[in-house]
Amino acid sequence: MNTATPSPRADRVPGSSRVGRAAAWIALYLALALAPLAMLLAGPLPAGGGRRWDFALALGFGGLGVLGLQFALTARFRRATAPFGIDIIYYFHRYAALVGVALVGAHYALLRLWFPETLGTANPLEAPGHLTAARVSLVLFFLLTVSSLARKQLRLEYDTWRIAHAVMAVSAMVLAIGHVLAVGHYTAAAWRGSVWTVYSALWILVAGYIRIVRPWSLLRQPYRVVSVAPERGRSWTLTVAPVRGAALAFRPGQFAWLSLGCSPFRAREHPFSFSGSAADRTQLRFTIKELGDFTRTLRDVAPGSVSYVDGPHGVFTPDCFPAAPGFVFLTGGVGLAPVMSMLRTLADRGDRRPLQLIHGSRAWDEVLFREELSALQSRLALGVVHVLQEPPPGWDGPVGVLSPDVIAPLIASRAATDVFFVCGPKPMTASVQRTLRSQGVSLRRVQTEHFDMA
Amino acid sequence: MRERLALLLCGLTLVLATGLAWLFAVRHNPRPSHRAPPAVSPPAQSVTGARLFLEQGCANCHAIGGAGNPRYPLDGVAARRDRAELEAWIGGTGVAAGQLAGSVVRRKERYRELPAEDMAALLDYLQAAGGGRP
């Protein structure tokens, strides 16, 4: 790696020590998630209520541990997420939260099945407060799950969903903790009272960190919009510059959460890839396609508007592979943005390793960065192949999508050695990964990025 | 690759949490759980008491004949307490008030306002069904 390259604080360690760190974080995750169950097992405790009763009860403790940890998973602690990439942490959050909700749901379902009388009436005017708290918490966890898995089908606007998600998650957790502490049979025993208070407070503190400390630290590093320039393919390049000092250091291919024209406390932020060179510390560039509610308003952003950048995040970067003999990039549409950052950075560093870009677009006029890609070929050992769905008359390049027929012959000579970066729409990414596997490319050398977080 | 690891870890979490929950249940209850055999059918006059036991939320915290919260079973309670003591424990008054947590006493306050015939039916039920297994 070029020593002049800015080195972001986190995820600077490739290779085996990264694996070691990942293993340590996974161990810590398991320890924290299973801590409530471990506390039950640590004894001594008051007499049990029978195997079925205690099993149903313990599932509730298990669910609470897993759900509490979701606050830490989504807190964007850079040191903890660096070995994995924060995109996969959000992917993990999606399924781990489901595990937590399933455990809490099983806790309720088994009590309803085995001890129906103990639940009594659901009428909040009649039922004990701690059971009402548990019922409301359960409903909120259910709503959280449905609204997250089916946000688009329910046509929930992203910003509204995010705020509702945070409010519901904190409320559900506070009610669940209240329920556990009010029942208190096992949690109050021996030394557990104070440990439970600290454990519960931990998740609430993490939620406070996400909503207060992090936005506050962003507030101290404001940026101003320099320009919003149109690109081919209904995309825009947004350039921001720091109000004072240098722009944050990032690795090419990484991304950041961007707040535009509003305070970071309002949580109206969106994840976008850096598309500019990491060697340029005077400004940050993001290339964004008009896809959703927010991106459609991008063209109206006035130069001079304030913005805040939470980043860098992600491990989708060639800098994690300093020893790779070459790179192959397989992209579709605006998925080219992070790869553009890689190409511009490698060019600025004078990197001479062989690079191959295979990029899919709808039409020739919509090929993002078409002219600059040509220009970059004179500065890099870069091969560029465009794949068009609607080719112009006389087009002699590949037609269609990045299918096995198109990709296989282009990568055959590189399959055994190069590192592959895949970025584009979900179906394309999945199909290209299958092709690469069938061509004998080791999964370790295939890098992808998840953008569709909810 | 990373997706597989994430899904694997989710599966591991589910298996470990369920496994530890079961391990706790078994270790904490060396003998398999069983629903206590239903108490002898309550006599006619305490059928109302049985209904009140469920309706008034007694089963939130107590079980009789295996029905309700097994944490504080009341099977055989009539062998330990006379009728007056039972009433004190229902309403959280007298000797019971000193032995119960404040939150529980507050929860029990509502039972002090039970109509006399309902309290009598509940006590009948506790003495009949709750006296089945000293």
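In the predicted model, T331(A) lies in strand β7 of chain A, which spans residues 327–332; helices (H or I, at least four residues) and strands (E, at least two) are DSSP runs, numbered from the N terminus. T331(A) is buried, with a relative accessible area of 0%, where buried denotes under 20% relative accessible area, exposed over 50% and partly exposed the range in between (1.4 Å probe, protein chains only). Residues up to four places away in sequence aside, T331(A) touches L336(A), V339(A), L357(A), I358(A), H359(A), G360(A), L402(A), C423(A) and M428(A), contact meaning heavy atoms within 4.5 Å.

L368(A) is located in the loop between β8 (355–363) and α12 (370–376) of chain A and is buried, at a relative accessible area of 3%. Beyond four places in sequence, its contacts include E231(A), R232(A), S235(A), T287(A), L336(A) and H359(A). Between L368(A) and G332(A), the C-alpha to C-alpha distance is 9.7 Å, at a sequence separation of 36 residues.

Over all chains, the structure holds 21 aromatic pairs (rings of Phe, Tyr and Trp, the last by its six-membered ring, with centres within 6.5 Å; planes under 30 degrees apart are stacked, over 60 edge-to-face and the rest tilted). F316(A) and F421(A) form an edge-to-face pair, 5.2 Å centre to centre with 85° between the planes. This pair links distant parts of the chain, 105 residues apart: F316(A) in the loop between β6 (306–313) and β7, and F421(A) in strand β10 (residues 419–423).

The contact draws 51 residues from chain A and 41 residues from chain B. Three salt bridges are counted between the chains (a side-chain nitrogen of Lys or Arg within 4 Å of a carboxyl oxygen of Asp or Glu). A salt bridge joins the side chains of D87(A) and R2(B) (2.8 Å, N to O).

Residues are numbered from 1 along each chain as its sequence is written, and chains are lettered from A and ligands numbered from 1 in the order in which they are written. Local features need pLDDT of at least 70 and side-chain atom pairs count only at pLDDT 80 or more, whereas totals for chains, interfaces and linings use all residues; side-chain values use heavy atoms, with hydrogens and water left out.
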